Amino acid sequence: MKFGTKAVHAGVEPDPTTGAIMTPIYQTSTYVQESPAKHRGYAYARGANPTRNALQKSIAALENGKFGICFSSGMGATDAVIKLLSPGDEVITSNDLYGGSYRMFKRVFEKFGIKFHFIDLTSSENLIPYINNNTKLMWLETPSNPLMRIIDIEVCAGLAKKHGIMVAVDNTFASPYLQNPLALGADIVMHSVTKYLGGHSDVIMGALIVNDEKLYQDLAFIANSCGAVPGPQDSFLVLRGIKTLHLRMERHCFNGRKIAEYLKSHPKIGKVYWPGFSDHPNHSIAKKQMKDFGGMLSFTLKQDSIENATKLMESVQLFSLAESLGGVESLINHPASMTHASIPKEERLKNGLSDSLIRLSIGVEDVEDLIEDLEQALAGI
Ligand SMILES: *Cc1c(COP(=O)(O)O)cnc(C)c1O
């Protein structure tokens with residue numbers, strides 16, 4: 001089955017009692033049993049819920065995976081993966097991770113004796129010196145936030161396999177429409193479902209997708225034991241959102257390309273970070289592992305200052321100034337004062353996050369209107 005057909009149909013069957021075409025919201029905490037321990041696969045809703053089950057099947061199908069598990073947030077999903085590890089284990093990951101992942105690794109899990117190596121993985125061979133007998137997990141995120149760096153999933157997974165290291169990929173920025181890490185050798189795919197999968201800025205949720213049954217059982221055990229499960233109402237909203245994922249992604253990609261090209265040719269713009277440009281350092285890897293280049297991009301101003309960036313963000317009318325991404329509406333965000341404000345300035349600049357760096361999550365509006373909005377805002381700086 002092709003992607004769009006799966007987006008509409010996978011995991012969803014008419015409701016057995018009424019024939020309702022949409023999966024009902026099973027708003028219940030428990031299920032009545034015929035006699036003790038004799039039930040129809042549902043005992044208590046932390047363990048299983050029919051609305052959530054339909055969603056898990058749908059998301060697994062979109063990643064061409066066998067098993068999906070949904071969590072109450074992307075961070076809840078990541079937390080479950082790290083809980084597979086034991087004190088003394090080591091993790092290799094990249095140096096420009098999603099801020100929340102970095103914070104969880106450093107401030108929650110390091111004190112339990114798990115060691116994290118944050119390294120530049122845009123050249124895969126950089127990870128080789130960090131592999132030792134304690135290395136148990138490689139955590140990859142590509143494209144990265146906000147500089148749209150690209151990591152070669154297949155090459156990293158190949159190196160990991162040789163040493164029996166498990167590979168997890170945060171596939172949030174690409175969505176399952178653009179990139180399927182399991183097919184490239186990953187063991188676990190993680191999504192912040194909050195973003196493109198939900199797609200309408202109205203749900204917080206996470207998901208893990210795996211092929212290996214033992215790994216699935218281990219993660220499902222953690223999900224049920226630790227309890228970061230999503231509710232049925234949110235599961236319904238995401239089931240609904242997924243039905244248009246392919247249509248939304250096509251428009252996100254189309255608009256993203258137009259705006260990247262527009263910005264690149266604008267005299268007031270410094271750099272534009274978008275993996276679709278042939279001069280992006282890992283463009284050929286992006287081309288190889290992604291179907292298209294997505295709706296996320298970042299840029300700097302030639303007159304690089306926080307003041308100019310602030311002025312631009314206050315002048316746009318259609319772009320909303322907000323954190324998050326992947327929704328139908330276009331968002332604008334300033335890493336230096338918002339998502340990355342907690343990083344000391346020197347370190348921030350060293351990592352390429354200059355004062356005027358602005359990140360856009362391009363929505364599905366008419367792109368002419370978005371460009372006109374940027375044009376009028378840029379005229380004022
Ligand atoms: C948002 C995000 C997360 C965290 O997901 P939540 O649903 O907010 O918990 C993780 N990784 C990436 C790349 C994200 O954008």
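So, the largest pocket: 50 residues line it, and the ones nearest its centre are Leu97, Tyr98, Gly99, Gly100 and Thr339. Keep in mind that we're looking at a predicted model here. The space inside that pocket comes to about 1,200 Å³.

Where does the lining come from? Helix 3 (74–82), helix 4 (99–109), strand 6 (188–192), strand 11 (331–333) and helix 12 (345–350) each put in at least two residues. Helix 4 gives the largest share, with 7 residues. And both domain 1 (3–242) and domain 2 (245–379) contribute at least three residues each.

Okay, on to the second largest pocket, at about 590 Å³.

Now, the rings. Searching the whole structure turns up 10 aromatic pairs. One of them is Trp274 with Phe293, an edge-to-face pair, 5.6 Å centre to centre with 75° between the planes. These two are 19 residues apart: Trp274 is in the loop between strand 8 (269–273) and helix 10 (283–289), while Phe293 is in the loop between helix 10 and strand 9 (296–301). Are they buried or exposed? Both Trp274 and Phe293 are buried.

There's also an aromatic cluster, made up of Tyr102, Phe105, Phe116, Phe118 and Trp139.

Lys264 has its charged end over the ring of Phe277, 4.0 Å from the ring's centre. Lys291 does likewise with Tyr177, at 4.2 Å from the centre of that ring.

Definitions and conventions: Residues are numbered from 1 along each chain as its sequence is written. This is a predicted model: local features need pLDDT of at least 70, side-chain atom pairs count only at pLDDT 80 or more; totals for chains, interfaces and linings use all residues. Side-chain values use heavy atoms; hydrogens and water are left out. On a 1 Å grid over the protein atoms alone, a cavity is a set of points where a 1.4 Å probe fits but cannot get out, and a pocket is an open set with protein on both sides within 12 Å along at least five of seven lines; lining residues have an atom within 4 Å of a point. Grid points are joined across faces, edges and corners, and a volume is the space filled by probe spheres set on the points. Helices (H or I, at least four residues) and strands (E, at least two) are DSSP runs, numbered from the N terminus. Domain bounds come from an automatic or database domain assignment. Rings of Phe, Tyr and Trp (its six-membered ring) pair if their centres lie within 6.5 Å; planes under 30 degrees apart count as stacked, over 60 as edge-to-face and the rest as tilted. Buried means under 20% relative accessible area, exposed over 50%, partly exposed in between (1.4 Å probe, protein chains only). A charge sits over a ring if NZ of Lys or CZ of Arg is within 6 Å of the ring centre and within 35 degrees of the ring normal.
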